[in-house]
Amino acid sequence: LSPSDKVEYYFEVWDNDAVNGSKSTRSHVQVIEIPSVDEINSKTEKSNEQIKNDISESQADLEKMNKELEDLQQKLTEKKSLDWEEKQKVKELLEQHKNLEKQLESIVEKNKQKDQQESEFKNVDEEILEKQKQLEELFEKVVDDEMKELMRKIEELMQQNNKDQLNKALEQMKMEDQEVEKQLDRMMEQLKRLEVEKEMNDHIEKLNELAKDQKKLADETEKSDSKKSEDLKKKQDKLNKEFDQLKKDLDKTNKKNQDLKSPMNLDMKKPKQQEISEDQKQSSENLQKKKNNKASQKQNDASKKMQE
């Protein structure tokens, strides 16, 4: 099934009564309705925004934990042994890291679901699919077993009251956290770049479709008589509305592109926009001429009747 397709179906079964003849029963009619491309894109965009928000929250949590970790290390340096306050702080930090792990695992799952749903309902370019796969791998690397093992080690050292070794382990945790921050930053940038590329692919496809429809309508307008001008005008208004919306979408995507650390070259869309604009202008001029001719013809007919 393709986007916007709708299928109604039912099940029907028969018994095997050979003497009296088979009797059948039928289920209620059910419906499978595939969302439109616009609906799919809208859902994907919302998912992307949620994932970006989750990454930003994780980055903020990491920054806060690093500050608390540095404060704890400073206190441990100044003391000869661990007391209750420091142990509680270590427990809090470990709990915060466990919550962060859950957040990161949730981000990985949300990203997978988003890509699966999009691929299920629309044809995604092979190059985009490959980049999605690379991004998924990048996401999965953030949650690794080394950090989990380090957290277990810190818990053991805390219970053993081994202050010096605990401080070293906390320093290692700080370095691991800084690496996670860098990875999250890379993930965010890759996610944004992929989002721009996918949107541009969709816009270019829509531009090509609009160009064909506009060319066809322009030719139809040029060859038609004045009687069809009202119907053609409705078609032209509809295409104009779609093109105006697409230009807004292109501007929105271009803004996202400019927000990237290394913006991509998106000038390839401009010639096609110009071509559609020219065809729209030509079609509108032809419609106006036919409208004027029709009005002039009515005036001439009215004059003849008055003379008669």
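I began with helix α4, residues 145–159: at 1.5 Å a residue, its 15 residues should span 21 Å, and the end C-alpha atoms are 22 Å apart, which agrees. I keep in mind throughout that this is a predicted model.

Next I asked which residues of α4 are buried. I found Met-147, Leu-150, Met-151, Ile-154, Leu-157 and Met-158. They cover an arc of only 125 degrees around the axis, which puts them on the same side of α4. The spacing is a friendly reminder that an α-helix has 3.6 residues a turn, so residues three or four places apart point the same way.

What covers that buried side? I noted that the cover includes α2 (84–121) and α5 (163–223). On the face of α4 turned away from the buried side, I found the exposed residues Asp-145 and Gln-159. I also checked what comes after the helix: α4 is followed by Asn-161, whose phi is positive, near 60 degrees.

**The cores**

I then looked up the largest nonpolar core, which has 38 residues. Those with the most contacts inside it are Ile-55, Leu-104, Phe-139, Ile-154, Leu-166 and Leu-184. Which elements give two or more residues to this core? They are α1, α2, α3 (126–142), α4 and α5. The largest share, 10 residues, comes from α5.

Apart from this core lies another, of 13 residues, and I jotted down Leu-207, Leu-210, Leu-217 and Leu-246 as being among them.

Leaving out residues up to four places away in sequence, I see Ile-154 touching Val-90, Leu-94, Leu-166, Ala-169, Leu-170 and Met-173.

**Gln-73 in α1**

Gln-73 sits in helix α1, residues 37–78. Buried or exposed, I wondered about Gln-73? Its relative accessibility is 9%, and buried means under 20%, so Gln-73 counts as buried. Beyond its neighbours within four places in sequence, Gln-73 is in contact with Asn-167, Leu-170, Glu-171 and Lys-174. Leu-170 had already come up in my notes, as a residue that Ile-154 touches.

**An aromatic pair**

I searched the whole structure for aromatic pairs and came away with one. The rings of Tyr-9 and Phe-11 have their centres 5.9 Å apart and their planes at 85 degrees, so the pair is edge-to-face. I looked up accessibility for both partners: Tyr-9 is partly exposed at 29% relative accessibility, whereas Phe-11 is exposed, with a relative accessible area of 58%.

From there I moved to Val-29, which is in the loop between β3 (24–26) and β4 (30–33). Setting aside its neighbours within four places in sequence, Val-29 is in contact with Glu-8, Tyr-9 and Tyr-10. I also took a C-alpha to C-alpha distance from Val-29 to Phe-11: they are 18 residues apart in sequence and 8.1 Å apart in space.

**Last entry: Thr-221**

I finished in helix α5, where Thr-221 lies. Thr-221 is buried, with a relative accessible area of 0%. Lys-233 is 12 residues from Thr-221 along the chain, and I noted a separation of 9.0 Å between their C-alpha atoms.

Key:
Residues are numbered from 1 along each chain as its sequence is written. This is a predicted model: local features need pLDDT of at least 70, side-chain atom pairs count only at pLDDT 80 or more; totals for chains, interfaces and linings use all residues. Side-chain values use heavy atoms; hydrogens and water are left out. Helices (H or I, at least four residues) and strands (E, at least two) are DSSP runs, numbered from the N terminus. Buried means under 20% relative accessible area, exposed over 50%, partly exposed in between (1.4 Å probe, protein chains only). Contact means heavy atoms within 4.5 Å. The expected span of a helix is 1.5 Å times one less than its number of residues. The arc is that of the directions from the helix axis to the C-beta atoms. Rings of Phe, Tyr and Trp (its six-membered ring) pair if their centres lie within 6.5 Å; planes under 30 degrees apart count as stacked, over 60 as edge-to-face and the rest as tilted. A nonpolar core is a set of buried Ala, Val, Leu, Ile, Met, Phe, Trp, Tyr and Cys residues joined through side-chain atoms within 4.5 Å.
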